[in-house]
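I opened the model to go through charge pairs, helix packing and domains. These are my notes, in the order I looked things up.

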Amino acid sequence: MNRYEWLQTLLLFATLLALVRPLGRFMARVFQGEATVLSPLLAPCENLLYRICGVDRDEEMDWRRYARAVVLFNLVLVVSLFAILMLQHLLPLNPQKLPPFSWQLALNTAVSFVTNTNWQAYSGEQEASYFTQMVGLTTHNFVSAATGIAIAIAVIRGFARRRTSLLGNFWVDLTRAILYLLLPISLGAALVLVSQGTIQNLTPYKTVPLLQPVRYDKAKLDGRGVPVTDATGKPVTESVTAQEVTIPLGPVASQEAIKELGTNGGGFFSANSAHPYENPTPLSHMVEILLILLISGSLTCTFGVMVGNPRQGWALLGVMLFLLLVSFAVLQWAETGGNPLVADLGVSGANMEGKELRFSLAGTSLFTVATTGTSCGAVAAMHDSLTPLGGMVPLSLILLGEIVFGGVGSGLYTMLAFAVIAVFVSGLMIGRTPEYLGKKIEATEMWMAIVTVLVAGVVVLVLSASAMITPAAVASMANPGAHGLSEVLYAFASMANNNGSAFAGLNANVTFYNLLGSLAMLLGRYAPAVAMLAMAGSLAGKKYVPPSLGTLPTDKLPFALWLTLVILIVGALTFFPALSLGPIVEQLTMAGGT
Amino acid sequence: MKDLKSAMVMLIIFTVICGCIYPAVVTGFARVLFPDQARGSFITDGRGRDAGSRLIGQPFSDPRYFWPRPSATAGFPYNPMGSGGSNAGPTTPEYLKGVGDRVKSYRESGVTGPIPAELVQASASGLDPHLSPEAVLLQVPRVARARNLSEEMVTKAVAHATEVRQLGFLGEPRVNVLELNLELDGRLKR
């Protein structure tokens with residue numbers, strides 16, 4: 001790393017840490033119903049909205065009703081988005097006259113955006129109309145992010161409240177997350193991105209001449225548009241010259257801002273945040289990384305404030321930050337080393353396959369760890385083309401369960417499940433009562449924590465294994481051998497943990513991945529969410545046990561270290577065999593030069 | 001059932017707010033504040049014709065032009081309708097052969113010594129408009145020869161087209177290959 005790369009890395013984290021406290025405290029005020037600077041403007045809108053929707057803002061829900069409202073709302077979202085995708089050709093704002101999605105792809109895409117995964121088995125510029133992008137996908141970026149935040153807030157209330165069954169009102173939390181948090185920040189961020197060159201318009205795609213026309217081979221089509229094949233069945237190609245190219249346009253900045261802020265990650269274009277129209281300059285790149293980490297980081301502070309001890313929040317943030325920095329260091333080291341097989345051909349420098357020049361290597365690595373440590377899944381580099389060890393970093397961050405900052409809301413509540421497990425295990429080891437934040441950890445809490453932590457792992461391993469014995473699934477791999485396994489493992493890890501990035505060589509738009517992927521995304525999103533709400537319901541009903549000499553302090557360094565260790569051990573025990581067959585074998589092969 | 005009604009009405013309201021009003025407001029502000037960027041940073045040449053976008057690279061293979069990064073877009077290189085990378089794994093034989101072929105074409109054009117990785121490894125978007133100054137300077141002798149210009153003059157054009165780090169420390173110094181080639185053809189506005 002040169003000194004400029006050090007400087008931009010330092011400045012990024014300094015900015016993030018400076019923002020965590022004010023934003024975290026702001027969120028605590030918003031969700032506790034206190035007045036904020038935005039209240040004079042937004043409170044009237046908020047009240048009007050409740051009146052139209054028939055929501056009584058003071059009516060609180062127990063965990064069952066809260067969970068039911070979450071699931072019901074998300075079901076409505078899936079159905080409506082599915083309908084938009086299937087009816088795209090009949091809806092307005094479709095200047096390119098794009099046809100509807102196939103039903104499997106529509107289902108996969110609808111589930112993907114509603115679960116905050118944003119796995120994309122389609123190519124934005126070729127298949128999605130402006131209506132789909134704006135009214136469909138941009139809307140769902142907001143509501144899926146707000147759903148995650150609302151659940152996290154309800155879970156925090158479970159820890160903070162005593163002797164009650166009530167966790168708050170889902171509709172109120174959802175509305176406040178969108179109005180007070182997501183909309184204002186997105187609006188500002190979108191304009192910053194436009195100033196850098198991110199496009200924002202509703203004009204049809206534009207055709208421009210090429211300075212040097214390009215000749216290329218194209219599959220020959222007969223009169224009815226069917227590819228012509230020769231006697232042996234191979235497609236016939238013809239040589240054509242392109243004098244001009246079509247440049248796709250659209251309302252990109254508005255979607256880009258919420259896509260990063262809400263850790264959604266679904267790109268407007270196929271190349272996602274590597275596309276110069278989504279992420280045009282080094283500054284836009286830094287702003288996007290900051291947006292990805294902002295809310296998840298700040299929620300740790302909100303948690304600390306709401307449970308009455310800010311240090312509890314800092315302890316969790318410390319663990320997240322440590323894991324992120326270690327991952328960054330490994331990735332940066334692996335990519336700087338380059339690819340020895342390429343170096344043998346007379347090439348110098350870091351591995352640049354699948355990377356953009358304008359971001360610098362450190363900038364690219366920062367984006368990669370931020371987007372996979374959180375469940376964002378936007379990409380500014382093609383993860384499939386990272387060195388094997390480098391590619392194992394994003395894969396591992398996803399497999400750990402999206403807790404290194406994690407998705408907005410989901411990152412915090414999954415991290416809390418790990419904290420509960422860490423408290424319990426340490427309690428067993430040193431003979432202290434397992435207590436977290438003054439609440440006794442008992443069988444219910446442990447069950448729910450185990451479900452939260454293990455469900456994604458089980459889904460990933462079972463589905464990857466079934467892909468390996470399904471010929472149609474194996475045929476989708478773009479690269480042979482160990483790398484092919486990494487592609488499949490990454491795909492299911494990404495979907496089950498609601499990340500949405502890909503080792504994109506895998507052709508995922510086939511029935512197998514569309515359908516099983518939808519299943520993975522649903523299980524990975526709702527099983528932990530409902531389990532954590534159940535845990536919160538149980539915790540909220542308990543009385544507060546004041547800390548005694550026998551209580552393990554959970555806001556100090558030893559606990560943070562212990563929590564880190566528990567996370568790494570659970571991750572390693574679950575995934576080491578699979579990782580050693582994929583990226584680790586490939587790294588050894590590459591280093592061996594064969 | 002009360003919650004089902006709330007769910008449906010909420011969806012409709014947020015579709016209006018987040019899916020229509022919000023993008024419309026951003027579009028409106030963008031058009032007023034940053035019209036050129038919002039439209040796509042298009043370049044108009046000296047005679048007022050469209051000459052591509054500053055942000056979207058174009059393919060070049062003629063010795064008279066500087067060659068950009070390899071592109072793995074769908075159909076043909078630098079096809080904006082099919083953005084994306086090669087997604088090739090680092091040990092895939094086909095990919096390594098492709099890199100070897102690109103190294104060979106640079107060798108044939110007279111480049112000796114190590115070749116910067118970005119010249120033979122494809123970008124993530126397939127539309128990357130930039131190269132590092134080193135990768136551009138390497139090509140100066142070829143371009144100068146093909147255009148019957150002195151290397152000094154071409155180097156001067158390169159220096160003119162080089163952008164420094166943003167705000168002095170972000171990213172890397174870089175050269176916009178399309179703008180440089182337009183400049184060499186004398187098509188940029190003075």
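Is E356(A) buried or exposed? I found E356(A) buried, at a relative accessible area of 1%; buried means under 20% relative accessible area, exposed over 50%, and partly exposed in between (1.4 Å probe, protein chains only).

**Ground rules.** I am working on a predicted model, where local features need pLDDT of at least 70, side-chain atom pairs count only at pLDDT 80 or more, and totals for chains, interfaces and linings use all residues. Residues are numbered from 1 along each chain as its sequence is written, chains are lettered from A and ligands numbered from 1 in the order in which they are written, and side-chain values use heavy atoms, with hydrogens and water left out.

**Salt bridges.** My cut-off for a salt bridge is a side-chain nitrogen of Lys or Arg within 4 Å of a carboxyl oxygen of Asp or Glu.

I started with E356(A), which is bridged to R358(A) with the closest N and O atoms 2.6 Å apart. R358(A) is buried as well, with 1% relative accessibility.

Then I checked what else R358(A) pairs with, and got a salt bridge to D128(B) at 3.9 Å, N to O. That pair crosses between chains: D128(B) sits in the loop between helix 4 (117-120) and strand 4 (130-131) of chain B, and R358(A) in the loop between strand 3 (347-348) and helix 12 (361-373) of chain A. D128(B) is buried, with a relative accessible area of 0%.

Next I looked up E163(B) and R174(B), which form a salt bridge at 3.5 Å, N to O. These two link distant parts of the chain, E163(B) in strand 5 (residues 162-163) and R174(B) in strand 6 (residues 174-176) of chain B, 11 residues apart. E163(B) is partly exposed at 29% relative accessibility, whereas R174(B) is buried at 5% relative accessible area. I also noted one network in which salt bridges with shared partners join E59(A), R65(A), K2(B) and D3(B).

**Helix 3 of chain A on helix 1 of chain B.** R65(A), K2(B) and D3(B) from that network turn up again among the contacts here. The two helices, residues 63-86 in chain A and helix 1 of chain B, have axes 9 Å apart and an angle of about 45°. That makes the pair oblique, given that under 35 degrees counts as roughly parallel, over 145 as roughly antiparallel, 65 to 115 as roughly perpendicular and the rest as oblique. Axes are lines fitted to C-alpha atoms, for helices over the stretch in contact, with angles from 0 to 180 degrees between N-to-C directions. With contact taken as heavy atoms within 4.5 Å, the chain A side includes A69(A), L72(A) and F73(A), and the chain B side includes L4(B), A7(B) and M8(B).

**Helix 2 and helix 7 of chain A.** I find the axes of helix 2 (residues 39-53) and helix 7 (residues 170-196) of chain A within 11 Å, crossing at roughly 140°. That is oblique too. Contact residues include L42(A), E46(A) and Y50(A) of helix 2 and W171(A), T175(A) and L179(A) of helix 7.

**Helix 8 of chain A.** How many residues of helix 8 (residues 252-261) of chain A are buried? I count 10 of the 10, so this helix is largely enclosed by the rest of the structure. Its buried residues pack against helix 6 (130-160), helix 7, helix 9 (282-306) and helix 12 of chain A, plus helix 1 (2-33) of chain B. After helix 8 of chain A comes T263(A), with a positive phi near 45°.

**Domains.** The bounds come from an automatic or database domain assignment. Chain A has domain 1 (15-201 + 252-302) and domain 2 (206-247), with C-alpha centres 40 Å apart. Chain B has domain 1 (1-39) and domain 2 (41-184), and there the C-alpha centres are 39 Å apart.

**Last check.** I looked up A473(A), which is in helix 16 (residues 471-474) of chain A and buried at 0% relative accessible area. A473(A) touches A467(A), F512(A) and Y513(A), leaving out residues up to four places away in sequence.

Technical notes
Helices (H or I, at least four residues) and strands (E, at least two) are DSSP runs, numbered from the N terminus.
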